[in-house]
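The structure is shown first, and the description follows.

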Amino acid sequence: MAKLIHAHSITEAEREFISKSEELSAIVMGACVPGHTPNTVELTQRLHASFGDRPMIANSSVLAFRWLLVGAGCQYHCAKDEVPCKL
């Protein structure tokens, strides 16, 4: 069974990661939290540095945004409707 943690902002995502990092098996990282401009590259880099070998999935409907997050540390990427299959 999977436990999902959802964040509505970069600050909330980082806070949730810090408080629950040992419980997490994977991270699905949205590119634009919130909005329509990629703003999670720095957060992705910080999380990747401490998440170890556990999977991080870049998630966006825009392929170029997903590649930004792959460059920042995500090992995988998918469109929003593909998340259940990737997990």
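Two salt bridges are present in the structure, a salt bridge being a side-chain nitrogen of Lys or Arg within 4 Å of a carboxyl oxygen of Asp or Glu. The model is predicted: local features need pLDDT of at least 70 and side-chain atom pairs count only at pLDDT 80 or more, while totals for chains, interfaces and linings use all residues. Residues are numbered from 1 along each chain as its sequence is written, and side-chain values use heavy atoms, with hydrogens and water left out.

| Salt bridge | N to O distance |
|---|---|
| Glu14 and Arg46 | 2.9 Å |
| Lys20 and Glu16 | 2.7 Å |

Helices (H or I, at least four residues) and strands (E, at least two) are DSSP runs, numbered from the N terminus. Lys20 and Glu16, by contrast, both lie in helix H1, four residues apart, or about one turn of the helix.

Accessibility is classed as buried (under 20% relative accessible area), exposed (over 50%) or partly exposed (in between), with a 1.4 Å probe and protein chains only. Glu14 is partly exposed at 23% relative accessibility, and Arg46 is partly exposed at 38%. In the other pair, Lys20 is partly exposed at 23%, whereas Glu16 is buried at 19%.

Three strands make up an open sheet in the order S1-S2-S3, with parallel pairing; two strands pair if DSSP finds at least two bridges between them. Strands S1 (27-30) and S3 (76-78) stand at the edges, each with a single partner strand, so one side of each has no neighbour in the sheet. From one strand to the next, the twist averages 30°. Strand S2 (residues 56-59) is joined to S3 by three bridges, and Asn59 has Cys78 in S3 as its bridge partner.

Helix H3 (residues 63-72) lies across S1, S2 and S3 and runs at about 160° to S3. Contact here means heavy atoms within 4.5 Å; axes are lines fitted to C-alpha atoms, for helices over the stretch in contact, and angles run from 0 to 180 degrees between N-to-C directions.

On the surface, Leu4, Val28 and Leu87 form a nonpolar patch with about 320 Å² of accessible area together. Such a patch joins nonpolar side chains (Val, Leu, Ile, Met, Phe, Trp, Tyr) within 5 Å, from residues with over 30% relative accessible area and no salt bridge; areas come from the Shrake-Rupley method with a 1.4 Å probe. Leu4 sits in the segment before H1 and is exposed at 73% relative accessibility.

Methods: Patch = residues over 30% accessible without salt bridge, like charges linked within 9 Å, V, L, I, M, F, W, Y side chains within 5 Å.
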